[in-house]
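Colleague: I have a chain open on my screen and some questions about it. Can we go through it together?
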Amino acid sequence: MSVEVLDGATIVNFVEDEEAFSGSIRDRFDNLDADHDGLLSYSEMLKELQTLRVFETHYGIDVKMDPDELSRIYDSLFVQFDHDSNGAVDLEEFKAETKQMMLAMATGLGFLPVQMVLEEDSFLKKAVERESTKLAA
């Protein structure tokens, strides 16, 4: 993990960079697709859903959620990714929903810079790295 400064524009610019965004999506999808069938099952997708940290916090401390409630949240998120309701998420569904989520996050952040703790392999970290590379060039 690292502390990074970003704003909504950092995320929007990353999502709009088709090459960078699509490459990151493809890498993450391939990493999650354990059986290499080109589809993400619920169990394969669960690892990614758990990184979204859909936890309630109390003064910055995670509150332990009821396991049944957490399971319902993950089920609902999976359904959101599974656009055609076939019980699996293909690459295009994964890309489209990830894009939607990232753009919603960008809108929520706005254009004032904020500090965030980011996981090393997260899409947000990749967005910050892309922006840093562009600024250095």
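Colleague: Let's start with residues 69-104. How far apart are the end C-alpha atoms, and how much of the span is helix?
Modeller: This is a predicted model. In it, the end C-alpha atoms of residues 69-104 are 23 Å apart, and the span is 75% helix and 6% strand.

Colleague: Which feature does UniProt place there?
Modeller: The unreviewed UniProt entry lists "domain: EF-hand" at residues 69-104, and also at residues 20-55.

Colleague: OK, zooming out. How many helices and strands are in the chain?
Modeller: The chain has six helices and six strands. Starting at the N terminus, the order is β-α-α-β-α-β-β-α-β-α-β-α.

Colleague: Let's look at α2. How long is it?
Modeller: Helix α2 covers residues 18-32, which is 15 residues. From first C-alpha to last it reaches 21 Å, close to the 21 Å expected at 1.5 Å a residue.

Colleague: Which residues of α2 are buried?
Modeller: Phe21, Ser24, Ile25, Arg28, Phe29 and Leu32. They lie on the same side of α2, because they cover an arc of only 130° around the axis.

Colleague: Why would residues three or four places apart point the same way?
Modeller: An α-helix has 3.6 residues a turn, so residues at that spacing point the same way.

Colleague: And what is exposed on the other side of α2?
Modeller: Glu19 and Asp27 are exposed there.

Colleague: What do the buried residues of α2 pack against?
Modeller: Several elements, including α1 (8-16), α3 (42-50), α5 (91-109) and α6. The strands β2 (39-40) and β5 (89-90) are also among them.

Colleague: Then α6. Where does Arg130 sit, and is Arg130 buried or exposed?
Modeller: Arg130 is in helix α6, residues 123-136. Its relative accessible area is 18%, under the 20% cut-off, so Arg130 is buried.

Colleague: What is Arg130 in contact with, apart from its neighbours within four places in sequence?
Modeller: Asn13, Phe14, Asp17 and Ala20. The C-alpha atoms of Arg130 and Thr10 are 8.6 Å apart, though 120 residues separate the two along the chain.

Colleague: Of contacts between residues at least 6 apart in sequence, what share joins residues at least 24 apart?
Modeller: In this chain, 66% of them do.

How values were computed. Residues numbered from 1 in each chain as written. Predicted model: local features only at pLDDT ≥ 70, side-chain atom pairs only at ≥ 80, totals over all residues. Heavy atoms only, no water. UniProt positions renumbered as here; feature names shortened; annotations may be inferred. Helix = DSSP H or I, 4+ residues; strand = E, 2+ residues; numbered from the N terminus. Buried < 20%, exposed > 50% of the residue type's maximum accessible area, 1.4 Å probe, protein only. Contact = heavy atoms within 4.5 Å. Expected span 1.5 Å × (residues − 1). Arc of directions from axis to C-beta.
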